[in-house]
Amino acid sequence: MRNTQEGIQSDLPDISNAATQRRDYIEILNEAFARIGTWSFDHRWWVVLFCTAIFFLGGYYSSRAHVDMTFAAFFEEEDPSYAAYLQYRSDFGSDEMSYILYEVPDAPNGPFDLAAMRKIARLTDQLAEEVPFVRKVTSLANVEFIESIEDGIKVHALLEEFPQTQQELLAIRDKVLQKPLLTGGIVSENAKYAAIIVEMEKSAVDPPDELMLDPEGSSWIENLYPQVSETKITEILARPEYQSITFYHAGDVPWNAKYNRIMIPQTLTLTMATYFAIGVLLFLFFRRFTAVIGPFVVVTIAITISAGTVGLMGWNLDFMFPFVPNLLIAIGIADSVHIITEFNKYHKKLGDRREAIKQTMYLVGTPCLLTSLTTAAGLLAMSTSNIQSLAHMAIYSAAGIMAAFLFTVTLLMTLFSFGRKSFVIPEKEKTDQRRKSDLIDTLLGRVVEFDIRYPKLIILFSAVIFVSSVVGMSKLVVDNNFMEEWREDEPIRHITMKVDEEMGGMSSVIYLFDTGKADGIKDPAVLREIERIQTLADAQAPFVKKSYSIVDVIKELNRQFHNDDPAYYRLPEDRALIAQLLLVYEMSGGDELEQYVSGDLSRANLELRCRMEAVSSMVTLAETIDAEIIRQPLEHSSVQITGIGALWVIFSEYVAESQIKGILLAFSVIAVMMCIIFKSVKIGLLSMIPNLTPVFLTLGYMGWVGMELDYTRLLIAPIAIGIAVDDTIHLVTRFHVEFRRLGNYAAALRVSILDVGRALTSTTVILIVGFILNVFHGMETQVIFGKLVAWTIFVALAADLFLMPALILVLKPFGIENSQLEPQESQMASHKVDKVENVVGYNNEIA
């Protein structure tokens with residue numbers, strides 16, 4: 001009996017004799033974590049108090065973080081492209097608006113039905129008076145109209161004198177349809193549709209405190225612009241008096257409001273759903289409520305720390321933050337599963353909670369530290385990105401990951417200290433667990449046998465897949481179509497497409513011309529340069545739907561100044577005449593110049609309204625105009641592209657750069673850390689092969705099926721490497737230890753896979769469930785992201801269970817096998833894990 005007990009105990013880590021063995025940093029860390037575990041057990045209330053304080057501190061700082069789901073969140077203020085956009089806004093005000101397309105389906109004259117026009121006039125006034133943060137409302141009822149009169153020109157609101165008969169209104173319609181400035185913007189060319197343009201005085205890039213409707217109210221999204229403006233517009237349009245008119249509400253205000261209302265609440269809802277689903281799995285795997293509550297307490301604190309880091313740094317909760325909860329759940333749960341698995345095993349073997357915690361932390365603490373460090377390092381590699389929100393996410397997600405590790409090795413151990421020191425498993429539960437263990441062991445055993453029998457075939461097959469993936473990656477295109485971020489059944493998507501088709505495009509590019517001197521825009525040579533670029537842009541139809549510039553205004557003024565003669569719809573050659581036209585325009589009551597030129601007339605903008613298509617179309621447009629400027633440089637002004645559309649062009653370049661730089665940095669940093677961890681360049685680099693395989697396979701698949709790489713999918717590579725390397729560290733570390741103990745690769749593989757493989761399989765199932773729940777998200781980008789990450793995690797497990805063992809068996813990186821170990825001894829060694837598992841039965845027998 002004594003010999004049997006000694007044999008069993010010899011299979012456990014011998015902490016007491018560690019000082020007599022050759023000590024290295026891994027051994028020192030193992031002992032340190034064993035002490036941390038016992039200290040947490042002995043001082044559990046101090047640990048609980050400390051964690052509670054950290055949680056509330058994180059909550060305090062997270063409450064200071066504001067929501068910013070706007071495109072500006074991607075750029076630093078010092079970014080040259082964004083600085084140009086801010087200059088444009090400084091000159092011309094906010095470029096955000098609501099664009100309300102409408103039709104009157106039951107009226108033969110459509111928008112020019114007299115009764116309908118009266119309603120539109122009332123609606124225009126109501127929108128101007130009742131909508132928060134509105135700057136100006138323009139419709140057919142009040143749009144500026146320039147026409148010639150006997151002694152000059154007249155500038156007035158189109159329906160300043162409201163028509164009394166339908167015939168009078170139709171006569172006005174005929175005049176409107178002859179105005180290039182109005183058709184395609186305020187009314188369609190066939191007069192079937194018209195629009196109300198609600199220009200906003202605020203922009204979502206403004207300070208959050210300025211966006212609150214009620215300064216004394218909550219900072220929740222329903223008290224902020226643009227939600228408050230969208231809500232009021234929707235309420236007004238739904239009033240009974242307008243039921244005969246069909247509205248299509250598009251533009252920045254409804255788009256951004258809808259995005260905020262989907263992303264923030266649904267992220268919270270799906271996070272709760274993920275908690276529930278993973279909680280069920282944890283309970284099924286471990287049959288202990290502590291195994292469910294503990295990991296979620298750890299993850300909740302980690303998410304709070306991430307949000308708190310955002311508030312502490314003065315950043316905003318932007319597009320990237322919704323990706324963080326699932327990431328932290330994945331990492332936090334993975335470490336917890338490894339620790340819970342080992343704790344359960346040692347608690348059953350030793351019958352003592354404190355000693356079980358000590359043994360668990362000695363064995364698992366160091367791998368959990370290393371996996372957390374490598375994952376955090378992989379994410380921090382993205383902190384060098386030119387994309388502001390991505391660089392911020394790299395930092396606050398890494399902070400959350402390290403917080404998850406800290407509370408896993410302290411708070412989780414403290415939670416395990418509560419309860420009886422020993423327990424007796426009911427016979428039925430023993431039988432159920434034995435059946436489950438037999439099934440998992442059988443599957444893992446077959447994996448081991450396949451690895452041992454066909455290692456070269458596995459490597460060959462993986463190489464073919466790898467090469468095929470590389471070919472697919474060469475087809476990968478960096479692109480983004482904001483329209484496709486919405487699900488197919490989302491109304492805002494179809495409304496935007498409708499407006500895009502019937503009127504001017506819903507996307508815009510701005511070219512900002514700067515003469516460098518006051519009144520420089522009055523120079524005919526400058527105006528001809530603007531006209532040349534505008535003509536070239538108009539030729540890029542159907543992508544460019546409409547263009548606006550000061551050139552259009554001056555042409556119209558020149559025409560009306562010459563008694564509405566179409567032959568004079570051109571730029572005057574004389575600077576004095578141009579100055580005179582502008583002066584007459586302003587003296588006649590015209591107030592639209594501020595939309596096209598700066599106050600000192602030194603700068604002018606050319607606005608191109610474009611179809612809502614992929615960013616690549618915008619890139620092609622920009623390249624075409626750039627080529628023309630290179631062919632014939634501007635001599636009298638400088639020009640810079642800006643506006644939201646231009647920022648998308650720059651952003652696509654940043655995405656490509658960030659993807660390449662992110663993968664290289666993440667790979668380099670993690671590879672160096674793996675070499676340090678295993679104290680071998682050969683082992684470190686070898687372990688990176690299965691870590692890159694899931695990334696290459698996923699990106700290759702995207703290339704083969706024509707899926708673009710956008711700002712959300714660029715996260716897949718660093719996240720996948722970070723998650724994959726966790727499994728590799730646990731497996732290779734155990735493989736190395738078992739090889740040193742057994743001296744035989746096949747035997748070491750059997751013991752490692754049967755032991756660590758169980759936790760790897762459990763974590764993979766949990767992570768896949770966590771990410772696949774994104775299929776219920778309202779944003780298509782989140783749905784695709786969840787599917788791709790879930791697939792990548794599955795491939796990562798396959799690479800660790802098949803490719804990694806095959807590489808080790810063929811290349812033998814741990815050294816030469818022990819030649820003294822006979823085949824039958826190797827077989828016996830491979831089943832030592834069975835002997836260890838019998839401790840439970842042995843201890844019960846002693847009792």
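A residue is called buried if its relative accessible area is under 20%, exposed if over 50%, and partly exposed in between, with a 1.4 Å probe and protein chains only. By that rule F343 is buried, since its relative accessible area is 0%.

The model is predicted, so local features need a pLDDT of at least 70 and side-chain atom pairs count only at pLDDT 80 or more, whereas totals for chains, interfaces and linings use all residues. Residues are numbered from 1 along each chain as its sequence is written, and side-chain values use heavy atoms, with hydrogens and water left out.

## Aromatic rings and charges

A pair of aromatic rings is described by the distance of the centres and the angle of the planes. Here the rings of Phe, Tyr and Trp (its six-membered ring) pair if their centres lie within 6.5 Å, and planes under 30 degrees apart count as stacked, over 60 as edge-to-face and the rest as tilted. A search of the whole structure on these terms finds 23 aromatic pairs. In one of them, the ring centres of F343 and F416 are 4.5 Å apart and the planes meet at 10°, so this pair is stacked. Because F343 belongs to helix α10 (residues 324–350) and F416 to helix α13 (residues 411–416), the pair ties together parts that are 73 residues apart in sequence; helices (H or I, at least four residues) and strands (E, at least two) are DSSP runs, numbered from the N terminus. Like F343, which is buried, F416 is buried, with a relative accessible area of 1%. Elsewhere, F735, F739, Y745 and F814 form one aromatic cluster.

Rings also meet charges, where a charge sits over a ring if NZ of Lys or CZ of Arg is within 6 Å of the ring centre and within 35 degrees of the ring normal. K179 lies over the face of F145, at 4.8 Å from the ring centre, and the charged end of K345 sits over the ring of Y346, 5.4 Å from its centre.

## Helices α20 and α21

V615 is found in helix α20 (residues 615–631) and is buried at a relative accessible area of 5%. V649 is found in helix α21 (residues 643–678) and is buried as well, at 7%. Contact means heavy atoms within 4.5 Å. Leaving aside neighbours within four places in sequence, V615 is in contact with D479, N480, W648, V649 and S652, while V649, counted in the same way, touches V615, M618 and V619. From C-alpha to C-alpha, V615 and A646 are 9.2 Å apart in space and 31 residues apart in sequence; the C-alpha atoms of V649 and L621, 28 residues apart along the chain, are separated by 9.9 Å.

Strand β10 (residues 544–548) is mostly covered, four of its five residues being buried. Two strands pair if DSSP finds at least two bridges between them, and β10 pairs with strand β11 (residues 603–610) in the antiparallel sense over four bridges. The bridge partner of K546 in β11 is R609.

Helix α16 (residues 491–502) has 12 residues, which at 1.5 Å a residue should span 16 Å, and its end C-alpha atoms are 17 Å apart, which agrees; the expected span is 1.5 Å times one less than the number of residues. Its buried residues are I492, R493, T496, V499 and D500. Seen down the helix axis, these buried residues fall within an arc of 130°, so they line one face of α16, the arc being that of the directions from the helix axis to the C-beta atoms. The buried residues of α16 pack against β2 (97–103), β7 (246–251), α8 (252–286), β10 and β11.

## Backbone in the loops

Most residues other than glycine have a negative phi, and most peptide bonds are trans. The table lists sites that depart from this.

| Site | Feature | Value |
|---|---|---|
| Y225 and P226 | cis peptide bond | omega about 5° |
| A541 and P542 | cis peptide bond | omega about 10° |
| D519 | positive phi | near 65° |
| D564 | positive phi | near 60° |

P226 lies in the loop between β6 (194–200) and α7 (227–237), and P542 in the loop between α17 (524–538) and β10. D519 is placed in the loop between β9 (507–514) and α17, and at 31% relative accessibility it counts as partly exposed. D564 is in the loop between α18 (550–561) and α19 (575–587), and it too counts as partly exposed, at 31%.
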